[in-house]
Amino acid sequence: MSIKTFLSMLVVTTLLGGFATLIQGCSSGSVNESNSAELAFNSAVEFENDERYEEAITKFNEVKNKHPYSKYAIEAELHIADIQYKREAYIEAQTAYQLFKDFHPKNSKADYVTYRLAMSLFMQLPPTPDRDLAPSTKAIQYFTEVINAYPTSQYVKDSTEKKLACLKMLAEKEAYIGNYYFIRNKYEPAQRRYEQLLSKYPNLGLDEIAMYRAGISAFEQGERIEGRRHMEELLSKFPKGDYSGDAKSALEKYGHTE
């Protein structure tokens with residue numbers, strides 16, 4: 001064997017050995033990275049199960065920051081959102097679910113994330129309609145998305161019920177404002193609110209009183225045709241309703257066209 005051939009073989013052998021070491025090192029590094037991420041994630045889950053939420057969030061953030069390309073990083077994001085929801089920090093939960101939804105729209109838990117986003121908004125609603133109901137519009141949007149985009153989801157039933165609850169609250173808000181004006185004899189804004197209730201939130205249990213008071217408000221402003229329309233619609237839809245007798249009396253009193 002010539003010296004030249006020997007040297008060539010030596011170079012090839014060295015290179016192959018180097019590549020083998022490099023591949024082994026990369027493989028070992030990947031395994032170590034995965035193990036480290038898994039250990040940190042499991043530790044965070046233990047804290048969460050023990051309701052040590054601050055420590056759990058710290059640990060989940062560690063998974064996200066130190067192992068951003070690990071499969072556990074995405075799971076950590078969702079666990080953080082869930083923890084905020086469990087601790088009733090609904091504004092923080094809303095933000096966390098929204099970010100998750102925006103960055104991982106095709107995640108296998110997309111229905112759950114959308115449902116929890118809607119619930120985070122729903123849980124911010126006040127107990128009475130006289131206060132701010134701003135979160136209800138977004139909540140309805142996401143409950144509707146669950147119903148339409150994930151029709152086989154286990155969260156469809158509750159989303160349907162919660163969406164209806166939001167709509168009822170908005171209807172009650174319109175009735176509350178309408179009543180505020182009505183009892184103060186401010187009939188023009190009262191009529192507008194009752195008609196808005198009938199247009200936007202029908203069939204939620206407030207139609208009859210809204211028709212009656214919209215009719216009275218119209219009559220009081222001299223709008224007899226509009227007043228008759230509301231009263232006649234009431235009698236057509238609720239012939240034996242609580243306001244049917246009052247509607248008939250109102251027609252006798254106000255409803256004659258000139």
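Helices (H or I, at least four residues) and strands (E, at least two) are taken as DSSP runs and numbered from the N terminus. The structure is a predicted model, in which local features need pLDDT of at least 70 and side-chain atom pairs count only at pLDDT 80 or more, whereas totals for chains, interfaces and linings use all residues. Residues are numbered from 1 along each chain as its sequence is written, and side-chain values use heavy atoms, with hydrogens and water left out.

The protein chain contains eleven helices and zero strands, and its order along the sequence is α-α-α-α-α-α-α-α-α-α-α. Relative accessible area defines residues as buried (under 20%), exposed (over 50%) or partly exposed (in between), with a 1.4 Å probe and protein chains only. By this criterion, 40% of the 258 residues of the protein chain are buried. With contact defined as heavy atoms within 4.5 Å, 53% of the contacts in the protein chain with a separation of 6 or more are between residues 24 or more positions apart.

In soluble globular proteins, nonpolar side chains tend to be buried together. A nonpolar core is a set of buried Ala, Val, Leu, Ile, Met, Phe, Trp, Tyr and Cys residues joined through side-chain atoms within 4.5 Å. The largest such core has 51 residues, and Y97, F143, C166, I216 and M231 have the most contacts inside it. Helix α5 gives the most to this core, with eight residues. A second, separate core comprises 15 residues, including V45, F47, I57 and Y72. Apart from residues up to four places away in sequence, Y97 touches L78, A81, D82, Y85, Y112, V113, R116, L117 and S120.

Grid points are joined across faces, edges and corners, and a volume is the space filled by probe spheres set on the points. The largest pocket holds about 150 Å³. Its lining consists of N61, K64, E77, I80, A81, T95, A96, L99, F100 and F103. At least two lining residues come from each of α2 (53-66), α3 (71-86) and α4 (90-103), and α4 supplies the largest share, five residues. Six lining residues are nonpolar (Ala, Val, Leu, Ile, Met, Phe, Trp, Tyr, Cys and Pro), two are charged (Asp, Glu, Lys and Arg) and two are polar (the others, Gly among them).

The lining residue E77 also makes a polar contact (N or O atoms within 3.5 Å, one able to donate a hydrogen and the other to accept it; residues adjacent in sequence count only if both atoms are side-chain atoms) through its side chain with the side chain of H104, at 3.1 Å. H104 lies in the loop between α4 and α5 (110-122) and counts as buried because its relative accessibility is 18%. Beyond neighbours within four places in sequence, H104 is in contact with I74 and E77.

Helix α3 also holds E75, which is partly exposed at 26% relative accessibility.

Two loop residues other than glycine have positive phi values. E51, between α1 (3-49) and α2, has phi near 60° and is exposed at 57%. E88, between α3 and α4, has phi near 65° and is exposed at 56%.

Notes. On a 1 Å grid over the protein atoms alone, a cavity is a set of points where a 1.4 Å probe fits but cannot get out, and a pocket is an open set with protein on both sides within 12 Å along at least five of seven lines; lining residues have an atom within 4 Å of a point.
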